[in-house]
Amino acid sequence: MGKNQGKETLNITRRTLLKGSAALMLTACTSKKAVEETAAKETTVDNITENQPLIQNPEAVFDTSLKVVNTHHRIHCHGSCMLKAYVKNGRLVNLTSMGDIPRENSKEKDEDLFMRQRRACPRGLSEKKRLYAPNRIKYPMKQTKERGDITGFVRISWEEAAKTVASYLKEMQERQKELGYLPIFATGNSPAKYLGTTLDIYGHHSAGNQMDAMYAALGPKVQGNPAIDILNSKLIIIWSTDTRTTQPHLTFFLTKAKEAGIPIVVVDSRFTDTAATYSTGIGKVPGFIAVRPGTDSAMLAAMAYVLYKKKLYNEKFLKEYLN
């Protein structure tokens, strides 16, 4: 899809998508009495009326017995999207995202870039399924058979679990006298690191290659550009990452970039949701470039070689800003 074609064929806006999503969310926690009263006055379809795009006073149709808890979705994507949890008798019955029920004359603020909107992605809105998943571990388990045999796990008390962990720590402290460090992987917020020198993983489990590349190109303690700088791009290349799934807080900026006509090319071995949603292409370059799994590094090296041999780079910029 070319640059101009993308602007002509994509008529579904972000706001239109939110309207439909909000309607579906509302149906899950709408009181029967309020729906009957509304239906007597005007025709409704999934709480969307003929004369009004969305109910302007959702509190009037929510079950009044539900307790609303404002919270956020803290997950590895760092989106920290704002959520509203609806609780009844201590049980979560529904989740909506902050701002997913637009009010009258809200478009100006609804589309504002500042502050960045923290709306939940499908992963955040599906937290109820994770919370009440039948296979979720909710108490300590101890392996009684060989490692890897899932049939060997039995439930133990929290007291037994604490004593077991304490015994392991004491054993590691004895080995510390010989090794000079605690032979424990103390990653994340593990309290073991407060007992002395511990082991840690090398690099980063999520963005190790990216961090190493930025260190080599820009030097230490350089975080790169803010996400909103995407809107200053002349061309956006999304390389081997499903941004819509793994970085939902960036999708808002990609949406605004596509609306602004900035060409987007996705390189991946899979036709991801990101490729389906954002790829536009530019000129003879298609919006989606499918590479064989494991060959994208070779493609990057080939591109770098062509850029170098044909001197398609800004030499002054490289000498001034890169190591």
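**Exercise 1.** In this predicted model, are Glu-174 and Lys-177 buried or exposed, and what joins their side chains?

*Solution.*
Step 1. Glu-174 is exposed, as is Lys-177.
Step 2. The two side chains form a salt bridge, with an N to O distance of 3.4 Å. The cut-off for such a contact is 4 Å.
Step 3. Both residues belong to helix H7, where a spacing of 3 residues puts about one helical turn between Glu-174 and Lys-177.

**Exercise 2.** Find the salt-bridge partner of Lys-163, then state how the two residues are placed in their helix and how exposed each one is.

*Solution.*
Step 1. The side chain of Lys-163 meets that of Glu-159 in a salt bridge of 3.4 Å, N to O.
Step 2. Helix H7 covers residues 158-179, and within it Lys-163 and Glu-159 are 4 residues apart, or about one helical turn.
Step 3. Lys-163 has a relative accessible area of 56% and is therefore exposed. Glu-159, at 53%, is exposed too. The class exposed begins over 50%.

**Exercise 3.** Classify Lys-319 and Glu-315 by accessibility and describe the contact between them.

*Solution.*
Step 1. Lys-319 has a relative accessibility of 66%, so it counts as exposed.
Step 2. Glu-315 has a relative accessibility of 44%, so it counts as partly exposed.
Step 3. A salt bridge links Lys-319 to Glu-315, and their closest N and O atoms are 3.1 Å apart.
Step 4. Both residues lie in helix H13, which spans residues 315-321; they are 4 residues apart, about one turn of the helix.

**Exercise 4.** How many salt bridges does the structure hold?

*Solution.* The count is 6, including Lys-319 with Glu-315.

Note on methods: Residues numbered from 1 in each chain as written. Predicted model: local features only at pLDDT ≥ 70, side-chain atom pairs only at ≥ 80, totals over all residues. Heavy atoms only, no water. Buried < 20%, exposed > 50% of the residue type's maximum accessible area, 1.4 Å probe, protein only.
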